[in-house]
Amino acid sequence: MLAMAMFGFGYLLVPLYEKFCEITGIGGRTGGAMVEAELSSEIDHDRTVRVQFVSTVNSALPWRFEPTERFMDVHPGKLYETKYIAYNRADHAVVAQAVPSVSPGRAALFFNKTECFCFTEQLLSPGESRDMPVRFVVDPNLPDRVDLVTLSYIIYKNDEATAVLAAVN
Amino acid sequence: MSQETTAHHDDHHAHHPTGMARWVFSTNHKEIGTMYLIFSLAMFLVGGAMALVIRAELFAPGLQLVNPEFFNQMTTMHALVMIFGAVMPAFVGLANWMVPLMIGAPDMALPRMNNWSFWILPFAFTLLLMTLFMPSGGPASGWTLYPPLSLQGGNSLAFVILAIHLMGISSIMGAINIIATILNMRAPGMTLLRMPLFVWTWLITAFLLIAVMPVLAGAVTMLLTDRFFGTSFFNAAGGGDPVLYQHIFWFFGHPEVYILILPAFGIVSEIIPTFSRKRLFGYTSMVYATASIAFLSFIVWAHHMFTVGMPLGAMLFFMYATMVIAVPTGVKIFNWIATMWRGSMSFETPMLFALGFVVLFTIGGLSGLMLAIVPANFQYHDTYFVVAHFHYVLVTGAVFAIMAAVYYWLPKWTGHMYNEKLGKIHFWWSTIWVNVLFFPQHYLGLAGMPRRIPDYAVQFTEFNMISSIGGFMYGFGQLLFVYIIWQCVRGGETANAQVWEGARGLEWTVPSPAPLHTFDTPPLVDDSVAVHKDNLS
Amino acid sequence: MKRTNELIVALAVLAVITVITWGVFAVGDNMPRGVTPYSQDVYQLHNTILAIVTVIGVLVFTAMFTSIVVHRRSKGYEPARFSHSTKAEVIWTSIPILILVVMAVPATRVLIDMEDSGGAEMNIKITGYQWLWRYEYLEDEISFFSALDRASNQARQIGSGINPRDVDNYLLEVDNRLVVPVNTRIRFLLTADDVIHSWWVPDLGWKRDAIPGMVNEAWTYIMEEGVYRGQCAELCGKDHGFMPIVVEAVSREEYDAWVASQRQGMADAAHDAARLWTRDELMDRGANVYQAQCAACHQPDGSGLEPAFPALARNGAPTGELNSHLDVVMHGREGTAMTGFGSRLEPQDIAAALTYTRNAWSEEEGEVVQPATIAELNQG
């Protein structure tokens with residue numbers, strides 16, 4: 001009986017862990033997009049935080065994927081927008097999705113995105129390119145020692161969706 | 001009293017098949033215990049052979065004997081076979097033989113399940129070992145099977161996972177049986193706090209097993225579905241997280257480490273008082289120390305993965321919790337020494353192995369304490385320092401304790417004394433070479449040699465050579481152990497019921513060899529029979 | 001009594017072994033002191049803790065061996081009857097707790113320092129691949145791969161006939177070193193493309209896992225110029241033992257010069273990708289690229305390791321036709337260890353490697369692939 005319970009517990013650890021990561025920002029996990037109206041914080045004009053944009057393309061994905069800006073100096077509390085550009089250099093349509101991550105991990109809780117393309121499937125036809133916007137606010141409660149926050153996207157091919165697409169065509 | 005009771009024979013006991021059937025259908029705790037022990041010895045030799053392949057390849061820089069894929073399969077299989085095939089079945093075998101004898105029970109509580117839990121094992125290990133002969137080869141991602149690496153392998157992963165499930169089922173059934181036996185079948189008067197420490201440590205170990213083996217089963221099942229059924233628990237591309245596996249695995253893995261060592265504590269706590277001719281010092285605190293080690297084992301798992309990038313708070317918590325384990329472990333070691341203190345010691349082979357255990361396990365424990373220090377762990381982690389550490393606690397810890405137990409109880413099992421001279425040679429041979437084998441690995445790790453590499457930079461050559469020589473000497477020395485056991489089973493000086501002058505406890509009240517059925521009429525236990533008593537003036 | 005003598009001798013041997021080994025442990029091949037403030041803190045910490053545990057060990061073993069020597073039956077020692085002492089047990093519970101606190105305080109301080117990555121002057125992204133590293137200098141916009149150097153790679157093959165002792169820095173040399181300036185606070189971002197790797201240079205004082213799907217962070221501040229070597233520390237498959245790390249710490253000026261030369265190199269590379277190459281040029285470059293990128297699996301002679309890693313040439317002829325070969329090299333093959341190199345290598349590297357594999361083991365002249373072809377493919 002206990003054995004069954006513990007087997008179940010093993011599986012229970014999965015959502016527990018995810019919730020835990022979301023709350024604590026372990027692994028640089030950030031939640032999904034927030035609603036802009038929820039942001040009501042004051043803008044802190046005295047403080048400047050550098051936000052760094054990084055991209056990684058998994059080697060199975062025949063795309064280019066780059067931030068348009070490498071850095072942005074921002075005031076906490078203010079809403080900013082930047083873009084990533086994706087380009088499909090394969091001779092067939094490919095579906096991909098991006099996994100976001102914020103470093104340092106303890107900054108993840110204070111980096112709020114109001115618009116992002118995280119985890120959503122992106123389809124690009126051969127040779128197509130697309131601008132992918134990110135809107136974000138750095139929470140003024142960001143710990144003082146943090147002067148640089150890295151927003152990183154790792155983009156992966158979605159094998160299943162790409163295969164389905166190929167079958168349809 | 002029990003000499004008479006063993007003469008009783010119920011009718012259903014009279015029917016007894018012979019030949020193979022006797023063993024295949026056996027529900028007798030002593031026969032099943034024997035099978036467990038023989039199985040474990042066989043696996044010890046198989047796993048040892050794999051270790052020798054590893055040490056042979058590492059004798060000199062450059063690849064000479066095996067290619068890196070096969071090397072990785074050897075390190076993986078060596079660990080799986082030694083942990084699940086050699087050490088755990090040996091402890092279960094000892095529990096099968098000795099727990100009923102020590103608590104005055106006629107047999108295990110669930111004898112048919114007992115038969116099952118043993119007979120699953122040969123099949124599980126056939127499945128596991130046959131993967132070595134498959135086109136895609138055996139598992140090569142380390143015994144921890146970390147994804148995504150473990151998911152890159154071929155179809156043999158499915159066989160490995162099935163084998164792990166079977167081992168898990170076997171262990172859980174064995175554990176349930178042991179708990180049921182200890183809680184329900186104690187002889188009148190054998191209160192919990194009169195139980196021998198070996199029984200206590202096994203009771204606690206059995207609870208650990210039931211709690212964590214299913215977690216392992218869950219983790220590997222997730223691997224299975226990730227690999228073959230398109231789920232993404234650990235696949236980053238699908239939104240999964242490889243670190244999650246490590247958390248789940250070590251939630252099993254750390255208690256597992258204590259599953260491999262708590263019964264060893266119990267064995268040593270039996271042997272040292274016997275040969276010191278003095279009662280165990282601090283019996284109650286030993287029980288509490290064991291229980292607190294078991295509890296702490298559930299909250300320290302992440303110390304196996306400090307380098308994955310955890311928040312500061314989590315690292316500090318796991319560091320402190322890990323360091324705290326040193327306290328109950330220290331209590332145990334001090335209690336053993338206090339037991340010896342002003343005793344009247346003699347040094348037969350079981351005592352030698354038990355003393356070797358105390359010294360060498362302490363070295364392993366102290367290096368474990370070093371590993372708990374997170375900033376330094378960023379250097380030690382995944383190096384030969386770690387390899388040295390866990391071989392000190394598992395080989396000179398768990399394996400030495402098992403050997404001590406075998407020498408200690410062998411006369412009870414066979415009715416003959418083993419060859420004392422050869423036993424002593426076996427001890428000294430093993431102790432010297434095992435240190436030659438593992439001690440230099442500390443230096444290798446500190447000097448920067450990562451673990452699980454088939455080839456190394458030339459500055460690591462000398463220590464690797466020394467270590468390999470130690471490995472071969474130690475390894476071949478174990479054939480002497482096999483010979484001593486064989487010789488003792490065949491014949492030798494007749495052992496009496498008491499066997500050891502200073503031994504106490506119910507198992508020494510039955511004749512040697514212990515008849516197939518013992519304690520059909522439960523013995524009466526009072527303080528004069530109890531092995532350990534704390535409040536003796 | 002003869003038996004007792006034997007025993008005493010044996011115990012003495014054990015004691016001597018223990019003492020000597022602990023002694024060597026303390027003064028011998030110890031952890032490197034390293035060249036960063038953090039590594040030196042860790043070194044201090046390591047030595048302190050090692051000293052503490054050695055003292056504990058010596059005390060415990062002294063008590064035990066005293067008892068073994070004195071309280072033995074062969075000397076007619078009668079056993080005492082005590083089996084409990086609350087006082088003793090309280091003492092040996094509380095003293096270890098105090099010792100642990102003494103150890104925990106400096107450990108906590110050093111750890112807090114390590115985890116504070118603020119104030120970075122430059123950022124380098126490290127990506128682990130099977131089985132090489134990629135370094136991206138985020139400010140200087142330089143990016144390259146770093147793999148085991150060719151000499152080590154040849155010597156490490158079974159039956160290579162090359163003595164590893166004759167190879168400089170066997171297994172600890174790479175083709176492209178990570179060049180960094182000294183006295184600069186450098187922040188590293190670590191991730192991986194395929195499986196988990198771990199980036200470790202002992203002289204910097206830490207290792208940190210590079211994990212697919214997440215970005216880890218660490219920092220360093222190197223105080224002395226020099227070359228510092230390390231290895232991947234997390235089992236990452238077959239060639240886990242063959243993906244070294246070499247950090248070359250240089251002065252600010254040298255670093256700036258190096259950055260300039262890299263920029264020039266990148267400009268040259270762009271030019272190279274466009275121009276036409278001779279067969280010999282491609283074969284030369286191809287041999288290098290092949291040894292660094294392909295030989296680990298497909299073997300230096302292209303014979304592969306069936307069934308996981310197919311042969312590229314059999315009986316002196318390339319297996320398979322060029323178009324499919326090209327496609328697999330560019331995009332990888334799903335469900336196998338073959339990843340796509342289209343985004344990983346320069347067009348001229350891919351063209352050279354293809355030309356090399358189609359010609360190196362063949363009796364007849366095989367196809368030549370021009371970098372421009374690959375560059376066009378890349379354009380879509």
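Ser67(C) is buried, with a relative accessible area of 0%, where buried means under 20% relative accessible area, exposed over 50% and partly exposed in between (1.4 Å probe, protein chains only). This is a predicted model, in which local features need pLDDT of at least 70 and side-chain atom pairs count only at pLDDT 80 or more, while totals for chains, interfaces and linings use all residues. Residues are numbered from 1 along each chain as its sequence is written, chains are lettered from A and ligands numbered from 1 in the order in which they are written, and side-chain values use heavy atoms, with hydrogens and water left out.

**Ser67(C) and chain B**
- Ser67(C) sits in helix α2 (residues 37–70) of chain C, helices being DSSP runs of H or I with at least four residues and strands runs of E with at least two, numbered from the N terminus.
- Not counting residues up to four places away in sequence, Ser67(C) touches Met340(B), Trp341(B), Arg342(B) and Met345(B), a contact being heavy atoms within 4.5 Å.
- A polar atom of the Ser67(C) side chain lies 3.5 Å from the backbone nitrogen of Trp341(B).

**Leu479(B)**
- Leu479(B), which belongs to helix α18 (residues 461–490) of chain B, is partly exposed, with a relative accessible area of 46%.

**Ser160(C)**
- Ser160(C) is placed in the loop between α4 (150–155) and β4 (178–181) of chain C, and at 27% relative accessibility this serine counts as partly exposed.
- Apart from its neighbours within four places in sequence, Ser160(C) is in contact with Gln154(C) and Ala155(C).

Definitions and conventions:
Polar contact = N/O pair within 3.5 Å; in protein donor to acceptor, adjacent residues only side chain to side chain.
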